[in-house]
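Today I'm looking up charged side-chain pairs.

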Amino acid sequence: MKKFVVLILMVSMLFSLSGCGSSAEEANGGGEKSQYAQALDVWNAIVASYGEGELFSVYGGDSENAVMDAPGKFDVSKTEELEYTLRLPQSQFDNIDDAASMVHMMNANTFTGAVYHLKDGTDLESFTDEVKTNVLATQWLCGFPDTLVIINVDGAYVITAFGEAGIMETFKANALSALSGAEVILETPIA
């Protein structure tokens with residue numbers, strides 16, 4: 001009898017636990033279905049594709065949760081940092097629900113990149129245009145970045161990155177090779 005009760009308990013536990021997980025679509029706020037559960041997963045896939053000696057000194061995340069030598073999760077409630085550090089326009093704050101960043105350790109103008117998960121219903125073209133306008137209108141200190149690149153990752157995530165031309169070419173090549181379904185939707189010089 002005890003074995004039967006234990007067996008029934010184990011089976012009911014298995015069924016109850018199977019309902020606790022979430023699909024990739026649920027993890028993405030109900031937006032586009034993605035193979036990535038969070039923005040940091042996108043960054044980690046890109047970083048893993050860098051060859052020996054290609055990756056520069058980086059830090060990631062926001063000021064309270066900075067990570068050295070790796071990309072990091074960025075708290076989307078830190079709106080001042082989203083705008084100042086990552087150059088996300090205020091008009092787009094409500095269109096994201098997850099973010100991660102990777103920035104050149106010595107000079108953010110050399111490389112700054114962010115991955116954003118877009119909320120369901122966000123207009124990708126408008127998001128892209130507003131980021132472009134904001135980055136191109138920036139008054140840069142200590143020189144300015146050469147190139148802005150925006151990459152769509154499977155309709156759920158958007159990568160924005162700006163920096164020195166050579167670093168940006170390597171980044172773009174690695175991102176496109178590491179992320180299935182990724183496509184460059186904007187590439188423009190910053191003058």
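I started with the network: salt bridges link Glu 169, Lys 172 and Glu 187. My cut-off for a salt bridge is a side-chain nitrogen of Lys or Arg within 4 Å of a carboxyl oxygen of Asp or Glu.

Housekeeping before I go on: this is a predicted model, where local features need pLDDT of at least 70 and side-chain atom pairs count only at pLDDT 80 or more, while totals for chains, interfaces and linings use all residues. Residues are numbered from 1 along each chain as its sequence is written, and side-chain values use heavy atoms, with hydrogens and water left out.

I looked up the Glu 169 and Lys 172 pair and got 3.5 Å, N to O. Both residues sit in helix 6 (residues 165–178), three residues apart, about one turn of the helix. Helices here are DSSP runs of H or I with at least four residues, strands are E runs with at least two, and numbering goes from the N terminus.

Next I checked Lys 172 with Glu 187: the closest N and O atoms are 2.9 Å apart. That pair links distant parts of the chain, helix 6 and strand 8 (residues 182–189), 15 residues apart.

Then I asked for accessibility, with buried under 20% relative accessible area, exposed over 50% and partly exposed in between (1.4 Å probe, protein chains only). Lys 172 is buried at 15%, whereas Glu 169 is partly exposed at 41% and Glu 187 is partly exposed at 38%.

Last entry: the structure holds four salt bridges, and one of them joins Lys 73 and Asp 98 at 2.5 Å, N to O.
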